[in-house]
Every structure is written in structure tokens, then in C-alpha cells.
Amino acid sequence: MVTPLPHEKGFHISWDQIHRDSRALAWRLDKRGPGAGGAWHAIVAITRGGMAPAMIVARELDIRQVATISIKSYDHQTQGEPKVLNRPDPELMGDGEGVLVIDDLVDSGKTLEVVRTLYPKAHFATVYAKPKGEPMVDTFITGVSQDTWIFFPWDMALQYVEPYRGTD
Ligand SMILES: O=P(O)(O)OC[C@H]1O[C@H](OP(=O)(O)OP(=O)(O)O)[C@H](O)[C@@H]1O
Ligand code: HPA
Ligand SMILES: [Mg+2]
């Protein structure tokens, strides 16, 4: 059974759109790291939603060190307490200096808050951001209102829709 939407508005994002927006994020982050020539030394994707944008950013910026941190906070559209299920090698991470932490979106900011506590010097980037979570993110591409639910392409499928005028 499908849970009814608690949000009035839906923002439906295609694969093409997330690809373009993730590329825009990569371009914005290029040469902004603390290393020589503005380099970043690693990318950490917040699973699962951050994995697609992180892959695209890693490809654009030619970063081969890509790790993941697993956080779960939502069951469908119901938020619970964020749980860290696994985390990257502490030697790679240190205090986060020079590491780009990437997620698909920030909503309440709770997920990023947990990761920030672990790696205070990392740079936090998301593709989309809702106003409540904006203070938790250093770089994002598109702002979306708080009452909008973002639907990602990996959660959707093409399907038939009735003609606007119906058949009566
Ligand atoms: O700012 P917040 O209110 O914490 O919400 C944002 C987080 O929620 C979603 O992940 P979710 O926990 O649903 O897991 P998933 O990425 O595996 O889908 C989304 O991918 C972000 O990681
Ligand atoms: O708007 C959203 N869309 C998808 N996943 C989410 N997790 C928190 N907010 C959202
Ligand atoms: Mg997530």
C-alpha cells in the first residue's frame, strides 16, 4: 500500500536533471578545496541518496578516493532519529579536512548535523536544499521550499496517465 503524501507539492526530478544539477555542483566545487591548486583529496557519499551525485562529482573532478557513510533517517516519508550504520576508514577521514561530503538533498538538516559532528572540517555539499537545512550545507545548487517533497528518479517509474479531459 502506498502511504499518502503529507506534502502538498511534489518536485519530480528526472535522471537527466539530476545529472545536470550534479555536474553543476561539481563545477561549483572545482578548485575550492584546501589542497594544492584547490584540490579535494576524497569524496564521501551519504548513502544511499548521495551515491549518484557523488559518482557524478567524482567523475567531473577526477577524484578516485570515494567512500561512503551510511545513514538512515526516513522510512518512506516519515522521519526518525538518524542512525549511522557504517562509516569510512578513519585514516582517510581525519577531521574531514579536504574531504567533500555529498548528499542528494538536505531537508531538516539532521543527517548532515550527524556527519558534521563526526567530520567538522569537511565540506558539505548537496544538490538540493530546503530552507531548514540550509545552515548545515556549505554548497548546494537548487533551493526547494520546505513543503515540497522531492521525488528522485531512482524512486519513480514511467507510467500511463489519464488524458487531462478524461473520456466521458
Ligand atoms: O536533512 P534531513 O531531514 O536529515 O533529510 C535528508 C536525508 O534524507 C534522505 O535520506 P534517507 O534517510 O531517506 O535515506 P536514503 O538516502 O537511503 O534514501 C536524503 O537522501 C538525505 O540523506
Ligand atoms: O523531499 C525529500 N525527497 C526524498 N527524500 C527525502 N528525505 C528527506 N526529504 C526528502
Ligand atoms: Mg539519504
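These legends walk through several close-up views of a predicted model.

**View 1. An open sheet of six strands.**
Start with the sheet, where six strands line up in the order E4-E3-E2-E5-E6-E7 and the pairing is mixed. At the edges sit strand E4 (78-86) and strand E7 (139-143), each of which pairs on one side only. If you step from one strand to the next, the twist averages 20 degrees. As a reminder, strands of a sheet pair through backbone hydrogen bonds, either parallel or antiparallel.

**View 2. Strand E6 and its two partners.**
Look here at strand E6 (residues 123-129), which pairs with E7 in the parallel sense over four bridges. Within this pairing, Ala125 stands opposite Thr139 in E7. E6 also pairs with E5 in the parallel sense, over six bridges. Here the bridge partner of Asp103 is Thr126 in E6. Is E6 enclosed by the rest of the structure or left open? Seven of the seven residues of E6 are buried, so this strand is largely enclosed by the rest of the structure.

Helix H4, meanwhile, lies across strand E2 (42-47), strand E3 (66-75), E4, E5 and E6. H4 runs at about 140 degrees to E3.

**View 3. Asp107 and Ile150, two annotated positions.**
In an unreviewed UniProt entry, the annotation "binding site" covers Asp107 and Ile150. They are spread over 44 residues of sequence, yet they cluster in space, with a largest C-alpha distance of 9.8 Å. You can find Asp107 in the loop between strand E5 (99-106) and helix H4 (110-118). Asp107 is buried, because 24 other C-beta atoms lie within 10 Å. Leaving out residues up to four places away in sequence, Asp107 touches Lys130, Lys132 and Gly133. Ile150, for its part, belongs to strand E8 (residues 148-151). Is Ile150 buried or exposed? It has 20 C-beta neighbours inside 10 Å, and 20 or more is the cut-off for buried, so Ile150 counts as buried. Not counting residues up to four places away in sequence, Ile150 touches Phe11, Ile13, Leu105, Tyr128 and Val144.

Gly109 has its place in the loop between E5 and H4, while Lys110 lies in helix H4. Which residues does Gly109 touch, not counting those up to four places away in sequence? They are Lys132, Gly133, Pro135 and Met136. Lys110, leaving aside its neighbours within four places in sequence, is in contact with Ser73 and Pro82. Gly109 is partly exposed, with 19 other C-beta atoms within 10 Å. Lys110 is partly exposed too, with 18 other C-beta atoms within 10 Å.

Notes. Residues numbered from 1 in each chain as written. Chains lettered and ligands numbered in written order. Predicted model: local features only at pLDDT ≥ 70, side-chain atom pairs only at ≥ 80, totals over all residues. UniProt positions renumbered as here; feature names shortened; annotations may be inferred. Helix = DSSP H or I, 4+ residues; strand = E, 2+ residues; numbered from the N terminus. Buried ≥ 20, exposed ≤ 12 C-beta atoms within 10 Å, placed from the backbone. Contact = placed C-beta atoms within 7 Å. Pairing = 2+ DSSP bridges. Axes fitted to C-alpha atoms, helices over the stretch in contact; angles between N-to-C directions.
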